[in-house]
Amino acid sequence: MAFDFLIPVQERVLAHCELLPPQSLGRHIYKHTKKEGLPVLANASFAILGVLESRNAFEKKTFVLDTTEIRIRLYRLLLGNWNSTLIDLGDIEEGETVEDTYFVVKEIVAELLEENIIPIILGATQDITYPTYRAFDRIRDMINLVSIDSKFDFGADEELISSNSYMSKIITDKPNNLFNFSNIGYQSYFNAQEEIDLMERLFFDAYRLGEMITDITLTEPILRNADIVSLDTRAIKASEMNASGNFSPNGFDGREICAIARYAGLSDKVAAFGIFESENTEHSFQLISQIIWYFIEGFNFRIKEFPSGKNKDFTKFNVPTDTEDLIFYKSLLSERWWVEVPSILTSHNKINTPALLPCTEQDYLDACNQNIPERWFKAYKKGFN
């Protein structure tokens, strides 16, 4: 059983919990301990899972990710007005081979998904996104992956899977269950033009850092359609993490990345959330713990909505354009927007209704001005491929 490979939460973390106030997270998380064993999965909302595997790091690690210090900072934070149960499964150490580690991650994440538990993965390197993606094989037919990263991580054709090329593995691996890949916050000077062109050819979505920080709310509809969210902390400014030269002076700041995490939690679809590539600094420990806090906060404010013309909680807008008649929906509860994409129907939907693509009010206004939204066009073209 894959859960047998989990190592318990360190005694130092448990001792620290005894000193925390009753309102703290640490006093309300059910932990995997050496004495008590694994916590019960039933009725849990989230499972914290450390993955210490780093052998496929693009730049070889000279340290082991200190999940203990991240836990100490996380456990200190105070509970929000939440109605969810958290468990901490402990860590997965490096297996005899990298593939062994991948197998354990895949099996544990798959079981959590089957129990409707969202894994919050603290990974040393971002290639752990690959076994997380494979864990969905028996759970969902088609997967939308969102990466918050300064790079696309396609890598060279001849390169083995690494933290800098895991996306190539996901795209080419069989069975291919990836429907859409979106990158939030890429920085052009870190990505070859061939990679940018590949994103276009595959009708994937790429959003530059400058575009996103101008209005961080633009990330919400992207995350609303995600099944997996993979955060490379090198998308965050080096100054925010007090990090080394492996981090860039440009990137998201702490407030922006926490807002993105909250939007990810708000999404009805997000079923796995991973934070990768961190360094062991005090700023990193604190910021990662706060990112997790905001993700959980978002989850507790989820509104399950399914737009339709018959639902009185939605307003339906028919927008005729020169080439297509677009149908938009606006929620009267959350004020979020969706647009129908008919072409996805035959390819990826088993029910006799068009697919609904999250969008913004600006997309609706653009359509009213005879400008078909780019996100709609890419989804439309993907449905025919």
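**Salt bridges and burial**

Mentor: In this predicted model, Glu-282 has a relative accessible area of 35%, and is partly exposed.

Trainee: Why is Glu-282 called partly exposed?

Mentor: Buried means under 20%, and exposed means over 50%. Glu-282 has 35%, so Glu-282 falls in between.

Trainee: What makes Glu-282 and Arg-73 a salt bridge?

Mentor: The cut-off is 4 Å from nitrogen to carboxyl oxygen. These side chains meet at 2.5 Å, N to O, so the pair qualifies. Glu-282 is in helix H11 (residues 282–299) and Arg-73 in helix H2, 209 residues apart.

Trainee: Is Arg-73 buried or exposed?

Mentor: Arg-73 has 9% relative accessibility. Buried means under 20%, so Arg-73 counts as buried.

Trainee: How do you know that Arg-71 and Asp-91 meet in a salt bridge?

Mentor: Their N to O distance is 3.0 Å. The limit is 4 Å, so the pair counts. Arg-71 sits in helix H2 (residues 67–76), and Asp-91 in strand S4 (residues 86–92). Arg-71 is buried at 3%, and Asp-91 is buried at 5%.

Trainee: Why does the pair Arg-336 and Glu-220 count as a salt bridge?

Mentor: Arg-336 and Glu-220 meet at 3.8 Å, N to O. That is within 4 Å, so the pair counts. Arg-336 lies in the loop between S12 and strand S13 (337–341), and Glu-220 in helix H8 (residues 219–224), so the pair ties together parts 116 residues apart in sequence.

Trainee: Which residues do salt bridges with shared partners join into one network?

Mentor: Arg-12, Glu-69, Arg-73 and Glu-282.

How values were computed. Residues are numbered from 1 along each chain as its sequence is written. This is a predicted model: local features need pLDDT of at least 70, side-chain atom pairs count only at pLDDT 80 or more; totals for chains, interfaces and linings use all residues. Side-chain values use heavy atoms; hydrogens and water are left out. Helices (H or I, at least four residues) and strands (E, at least two) are DSSP runs, numbered from the N terminus. Buried means under 20% relative accessible area, exposed over 50%, partly exposed in between (1.4 Å probe, protein chains only).
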